[in-house]
Amino acid sequence: MAVQILGANFNERKLVKKALESFYGLGPQASARIMAKYTIHPLARLETMPAKTITALTAELSTMTIDHDARRLVQDNIKRLRDMGTYRGRRHAMGLPVRGQNTRSQIETARKMNRLERGGSGSRSRN
């Protein structure tokens, strides 16, 4: 039997903490705070929860900015940085590290920096 929280189905053997953390935008601290608010044991499973508590959890989560809303908020912030032309926005646009990481000795970054345009429209002149 599956337990439904905020439209997502979870196995009833799943820990409540892990079920809450599976939502984008809810980490360990936020899930612990919600569980403390409803006096839920940290190792409690969904099958031991009364229906009333699950309904209260769903109501609590519906008031928070999580999942699609949180993803949209992050994307809007990145788009704003790109539109303003800030350093961080340009780094996001190029797919490079944004927070000051080293780019000389990381293979992933080297691949991004040395990408070649393959195929395509032939917009470059060939001599």
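User: What makes Glu21 and Lys18 a salt bridge?

Analyst: Their closest N and O atoms are 3.9 Å apart, and a salt bridge needs a side-chain nitrogen of Lys or Arg within 4 Å of a carboxyl oxygen of Asp or Glu, so the pair qualifies. Keep in mind that this is a predicted model, where local features need pLDDT of at least 70 and side-chain atom pairs count only at pLDDT 80 or more, while totals for chains, interfaces and linings use all residues. Residues are numbered from 1 along each chain as its sequence is written, and side-chain values use heavy atoms, leaving out hydrogens and water.

User: Which salt bridge do Lys17 and Glu21 form, and how far apart is N from O?

Analyst: Their side chains meet at 3.1 Å, N to O. Through shared partners, salt bridges join Lys17, Lys18 and Glu21 into one network.

User: Why is Lys17 called partly exposed?

Analyst: Buried means under 20% relative accessible area, exposed over 50%, and partly exposed in between (1.4 Å probe, protein chains only). Lys17 has 24% relative accessibility, so Lys17 counts as partly exposed. Glu21, with 21%, is partly exposed too.

User: Why is the pair of Phe10 and Phe23 called edge-to-face?

Analyst: Rings of Phe, Tyr and Trp (its six-membered ring) pair if their centres lie within 6.5 Å; planes under 30 degrees apart count as stacked, over 60 as edge-to-face and the rest as tilted. Here the centres are 5.9 Å apart and the planes at 75°, so the pair is edge-to-face.
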